[in-house]
Amino acid sequence: MNGLGQNFAEFMQEQNLYDEAQELAAKKIIAAQLRQEMKKQKLSKSAVAERMHTTRSAVDNALDPAFNTSISTIERFARALGKRVSIALV
């Protein structure tokens, strides 16, 4: 471990934690955006589940960054809110 003069991203990469942290951060952002849109539209988890033709627990899972939610589920969730998902490589 280098330590002195090392930035946090370098430290995370050295510890093999960087990619995992980036993925978790992206999942948290997506979940926050979905929650924000639900709040804006005054929709409950049950109402979203009904629109998605799924269960409330599936909606809970989709909003949990620790759960391995598929892109297709996120797209269905977004459509249930009248939105779409845009993914870009940067």
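The structure is a predicted model, in which local features need pLDDT of at least 70 and side-chain atom pairs count only at pLDDT 80 or more, while totals for chains, interfaces and linings use all residues. Residues are numbered from 1 along each chain as its sequence is written, and side-chain values use heavy atoms, with hydrogens and water left out.

The secondary structure consists of five helices and zero strands. Helices (H or I, at least four residues) and strands (E, at least two) are taken as DSSP runs and numbered from the N terminus. Read from the N terminus, the order of elements is α-α-α-α-α. The C-alpha trace spans about 55 × 25 × 20 Å along its principal axes. The radius of gyration of the protein is 17 Å, whereas a compact globule of 90 residues would have one near 12 Å. That radius is taken over C-alpha atoms, and the globule rule is 2.2 Å times the number of residues to the power 0.38.

Of the 90 residues, 22% count as buried. Buried means under 20% relative accessible area, exposed means over 50%, and partly exposed lies in between (1.4 Å probe, protein chains only). A contact is defined by heavy atoms within 4.5 Å. Among contacts with a separation of 6 or more, 42% are made by residues 24 or more positions apart.

The salt bridges come next. A salt bridge here is a side-chain nitrogen of Lys or Arg within 4 Å of a carboxyl oxygen of Asp or Glu. By this rule the protein has three salt bridges. One of them joins E23 and K27, whose closest N and O atoms are 3.3 Å apart. Both residues lie in helix α2 (residues 18-41), and they are four residues apart, about one turn of the helix. E23 is partly exposed, at a relative accessible area of 43%.

Another salt bridge pairs K45 with D60, and here the closest N and O atoms are 2.7 Å apart. This pair links distant parts of the chain, since K45 is in helix α3 (residues 45-52) and D60 in helix α4 (residues 56-62), 15 residues apart. K45 is partly exposed, with a relative accessible area of 27%, and D60 is partly exposed as well, with 25%.

D60 also forms a salt bridge with R56, the closest N and O atoms being 3.3 Å apart. R56 and D60 both belong to helix α4 and are four residues apart, about one turn of the helix. R56 has 43% relative accessibility and so counts as partly exposed. Through shared partners, the salt bridges join K45, R56 and D60 into one network.

Helix α3 also packs against another helix. The axes of α3 and helix α5 (residues 71-80) come within 9 Å and cross at roughly 105°. Axes are lines fitted to C-alpha atoms, for helices over the stretch in contact, and angles run from 0 to 180 degrees between N-to-C directions. From α3 the contact takes V48, R51 and M52, and from α5 it takes T73, R76, F77 and A80. By class, the contact has four nonpolar, one polar and two charged residues. For these classes, Ala, Val, Leu, Ile, Met, Phe, Trp, Tyr, Cys and Pro count as nonpolar, Asp, Glu, Lys and Arg as charged, and the others, Gly among them, as polar.

Some single residues remain. Y18 is found in helix α2 and counts as partly exposed at 26% relative accessibility. Leaving aside residues up to four places away in sequence, Y18 touches A9, M12 and Q13. Between Y18 and A31, 13 residues apart in sequence, the C-alpha to C-alpha distance is 20 Å.

Two loop residues have positive phi values. K42, in the loop between α2 and α3, has a positive phi of about 55° although it is not a glycine. With 77% relative accessibility, K42 counts as exposed. H53 sits in the loop between α3 and α4, and its phi is near 60°, a positive value in a residue other than glycine. H53 counts as exposed, at 74% relative accessibility.
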